[in-house]
Amino acid sequence: MSDTRRRVKVYTLNEDRQWDDRGTGHVSSTYVERLKGMSLLVRAESDGSLLLESKINPNTAYQKQQDTLIVWSEAENYDLALSFQEKAGCDEIWEKICQVQGKDPSVEVTQDLIESEEEHIEEMPETSPLIDLPSCELNKLEEIADLVTSVLSSPIRREKLALALENEGYIKKLLQLFQVCENLENTEGLHHLYEIIRGILFLNKATLFEVMFSDECIMDVVGCLEYDPSLAQPKRHREFLTKTAKFKEVIPITDSELRQKIHQTYRVQYIQDIILPTPSVFEENFLSTLTSFIFFNKVEIVSMLQEDEKFLSEVFAQLTDEATDDDKRCELVNFFKEFCAFSQTLQPQNRDAFFKTLAKLGILPALEIVMGMDDLQVRSAATDIFSYLVEFSPSMVREFVMQEAQQSDDDILLINVVIEQMICDTDPELGGAVQLMGLLRTLIDPENMLATANKTEKSEFLNFFYNHCMHVLTAPLLANTSEDKCEKDAVVGSTKSNTICPDNYQTAQLLALILELLTFCVEHHTYHIKNYIMNKDLLRRVLVLMNSKHTFLALCALRFMRRIIGLKDEFYNRYITKGNLFEPVINALLDNGTRYNLLNSAVIELFEFIRVTFKGLKTKYEQEKDRQNQKLNSNRFRRDARALEEDEEMWFNEDEEEEGEAVVPPVEKSKPEDDFPDSYEKFMETKKAKESEDKENLPKRTSAGGFKFTFSHSASAANGANGANSKSVAAQTSPASSNGSSSKNATLTTAVTATKGSLVGLVDYPDDEDDDEEEETSPRKRSRLGS
C-alpha cells in the first residue's frame, strides 16, 4: 500500500459534539502484544509520533461512510473517525476490520444494533436495544429535536433511532404536528420541526426516505424545511414546486408508476440541491444515501422509458416531422437531453444498450435535422445530445457519417452540419463553437479509432473527412485570406503587400479555433494533412494572418507553422523554402519593432529551434569527420615499409614535374568521404562571402517609416538546390544578385541566412557509427549539404 493510500486524518468528537482534527498520519493494521489483538495504528507524518492506537474489538460497530471514512465508538461519548485520502486505502483497512470481526466487506456497518454491554451498559442495556421516543406532542418538540440532534455523532445511536422512527410510524405523526403548528402560526414549533426533519434526513436511511418522499408526505417535508431558524422569513419552496415548476409530458405517459417516479425524483433533487444547506465534510457523508436514492430513481426511469419502444418511437416521429411546431420540437429535444443526462447514471453495459437503442431508433438522423434549425435553444440542446453520443462512442458516429456519405450530398452530412454550426455561432464569445470544435477533435482523433483485421477505421474515416469535410472547415480561413483582399500601400515606391485581415473580433476568434483544429491535424494526421497543405498552399494563406491586429490570431498562425517545422519533414521543409514562407514571419518581427512581447518571443523561439537543429547537424558532421580521420590514420600505420617507400617516391616524382603537366600518381581511388569535407569547406567559404555581401543589403526603412523585407529566391535556384549536383544556396543566388537585380529583390539578411536553404533534416548523418561506410558517404548526401 503506497504512502498516499495510507494517508489519513484522525478525528475525535469533543464535548460540544464537534469533530476535532487530531492530525495527519499513516495508518496500518498490525498485531499489538500489549492489546492482545489486531489494532489500528496511526503515526504522524511529521515526526512519527503515535496519533492513534486502537484495538479492533470483535464487538465494536464500525461504520464505513461513502468511500473514504470509517467511524466507530470506543467508549461513552468517545467517537473516532479516520478520513482517508484515497478510497483504496479505506477499502483495505475496512477489509482488515471485517476480517477480524468475521464480516463481509460489502457491509457498511459491521455489527447489529445491539451494542456491547461492556461499552455502553449504563446508557443502552442489552434488553432495550431501541431508543425510547418521546410522545409526539407539541410540548415535546424541543425534546425530540434535542434527541435527533444528539444521536448524529454516533453511528450506533443513529441506527437505533432510525429503527424506532420506522417501527412506530413516527414521521407521519410529526408531519401532522407540522400542519397544526402552521395553522396556529407556532413559529417556535416550526423551528423545532425544521431541526427534526433535517436530522432525520441526516440519519441516512433509505427506508425512512421511502416514507418521507412518498406522495403523501413529501410536500409536508418540504414545508418543514422552509422554517430555517437562521432565516428571518420562511422560504416558499412549496409554492415554487406546485405553481412555478410545471411538468410537461411531451408525449402522454400512460404508466402511472413512471410518472410518479419522475415527480418524486425532481422534488428530491430540489431538496438536495436547493433546500438543504451546503453540508460539512461529515454531514455530506450523512447524505450519501440521499444521493443514492436519487441515483437509483434515475436508473429506474431510464430503464422504464427504454423498455417502452412505442413511447420512444412516437417521440422520434414527432421530432423529425416537418409539421411539428417549434415549441413542441423544443420540448422534445429538451426531453431527449434530460433523458441522455439520466443515462449517465447507468452501468457501462446498460449505458451501451441505451445508446444502441437510441441509434436503432434513429437519433443521429434526427439530430442532423434539428441541428440545422434556426431556433438557438433547439440547436443548443441538440449539441448537448450530440456530445453525449460522441463521448460514449465516437466510432458509432463515424460509422454513421461514412454510410451517410454514400447516399447524401456533402452539404447535408452530419459532420458538415456540425462544422457549419460552429462557423455560424452567433455567440460573441463563441461558446457553442468551442464545444463543437472539441467534439470534432474527438471524432478526428486517431487515438480513439479502431483497427481490425479486415479494415482500419483511421484510414477510411480520414479519407472520408479530407474528401468531404475539410473544405467546409477551411472555407472561412481561405475566404479571409484570399488574394482579392490584398491591396498595395498608398505610399509611392513601396512594394510591401498588405493583406487586410479580419478586424472583427468574433471572426478572429473563429479563425483561431479553425487553426487550433488544423494544428491538431498536423500533429496527428501526417499524410492526409500534408497533401492538403501542399495542394491548397495552405501555410501561405495561414501566414497572411500574421498581419492581424489581434495578436492571439497571429500567434495561432505562427504556432501552426511551428508545428510543421517541428516535424522535421523534408517535404514540408522544401515547401517552405521554395515558397519563401519565412518572409511574413520576418516582416511580422520587424513590424513588432523593439516591443518585447509574446509574438517577439514566439518568433525568436522558432528560429532558435532551427538554429539548434543546424548546430546539431554540424556537430554530427564534425564527429563523422573525426571518425573518418581516425580511420585514415589507423590505415596509414598499418601500411608496410614497402608501401611507404612507394608513396615517398611518387611524392618526389610529383615534385619534380610541378612545372610541367601534372602527373596523377597511380594510387588507390579516393573514397567518397574524402570529397565530403572539401565540399563543406567550400560551402562555408562561399557562405562567408555571401554574408559579407548581405551586410550591404540589410532591410531598409520605407518612406512610410516601416521596414521593407523581401527575398530573392527564384524558382530556378530553388529547383537547383534540390538537384543531385546542387551547390550551396549562396553560390547559386550570388549571380542573380550581381546581374543588376534591383534593391527590392535584396537577399536575405545575415540573421536568417541559415534558414534560406533547405531546413531541418536535409543533411541526414547516421546516428550509428557502425553504419555501412559506403551508405554514410554517398554522393547524394554530400551534395545535399549545400542545399
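In this predicted model, strand S1 (residues 7-13) is joined to strand S2 (residues 19-32) by seven bridges, and the two strands run antiparallel. Within this pairing, threonine 12 stands opposite aspartate 20 of S2. Strand S1 also pairs with strand S7 (residues 78-84), again in an antiparallel arrangement, through five bridges. Here valine 8 stands opposite phenylalanine 84 of S7. Strand S1 is mostly covered, since five of its seven residues are buried. In a regular strand, side chains alternate between the two faces of the sheet.

The chain as a whole has 37 helices and eleven strands. Of its 787 residues, 44% count as buried.

Two helix pairs are described next. Two packed helices are described by the angle between their axes and the distance between the axes.

| Helix pair | Angle between axes | Distance between axes |
|---|---|---|
| H15 (residues 326-343) and H18 (residues 376-392) | roughly 25 degrees | within 9 Å |
| H20 (residues 414-423) and H21 (residues 431-443) | about 150 degrees | 9 Å |

The axes of H15 and H18 cross at roughly 25 degrees, and these helices are therefore roughly parallel to each other. Their crossing is left-handed. On the H15 side, the contact is made by Cys330, Val333, Asn334, Phe336, Lys337, Cys340 and Ala341, while H18 contributes Gln377, Val378, Ala381, Ala382, Asp384, Ile385 and Tyr388. By class, the residues of this contact comprise ten nonpolar, two polar and two charged.

Helices H20 and H21 pack at an angle of about 150 degrees, with their axes 9 Å apart. The crossing of H20 and H21 is likewise left-handed. Helix H20 takes part in the contact through Ile415, Val418, Ile419, Gln421 and Met422, and helix H21 through Ala433, Leu436, Met437, Leu440 and Leu443. Nine residues of this contact are nonpolar, one is polar and none is charged.

Helix H20 has eight of its ten residues buried, so it is largely enclosed by the rest of the structure. The buried residues of H20 are Leu414, Ile415, Asn416, Val417, Val418, Ile419, Gln421 and Met422. Among them, Ile415, Val418, Ile419, Gln421 and Met422 also belong to the contact with H21.

Histidine 237 is found in helix H10 (residues 237-244). Its relative accessibility is 9%, and histidine 237 therefore counts as buried. Leaving aside residues up to four places away in sequence, histidine 237 touches Val222, Glu226, Tyr270, Ile274 and Ile275.

Arginine 198 has its place in helix H7 (residues 187-202). With a relative accessibility of 17%, arginine 198 also counts as buried, because the cut-off for a buried residue is under 20%. Arginine 198 and alanine 145 are separated by 53 residues in sequence, and their C-alpha atoms are 9.7 Å apart in space.

Technical notes
Residues are numbered from 1 along each chain as its sequence is written. This is a predicted model: local features need pLDDT of at least 70, side-chain atom pairs count only at pLDDT 80 or more; totals for chains, interfaces and linings use all residues. Side-chain values use heavy atoms; hydrogens and water are left out. Axes are lines fitted to C-alpha atoms, for helices over the stretch in contact, and angles run from 0 to 180 degrees between N-to-C directions. Helices (H or I, at least four residues) and strands (E, at least two) are DSSP runs, numbered from the N terminus. Angles under 35 degrees count as roughly parallel, over 145 as roughly antiparallel, 65 to 115 as roughly perpendicular and the rest as oblique. A crossing is left-handed if the near helix is turned anticlockwise from the far one by less than a right angle, and right-handed if clockwise. Contact means heavy atoms within 4.5 Å. Ala, Val, Leu, Ile, Met, Phe, Trp, Tyr, Cys and Pro count as nonpolar, Asp, Glu, Lys and Arg as charged, and the others, Gly among them, as polar. Buried means under 20% relative accessible area, exposed over 50%, partly exposed in between (1.4 Å probe, protein chains only). Two strands pair if DSSP finds at least two bridges between them.
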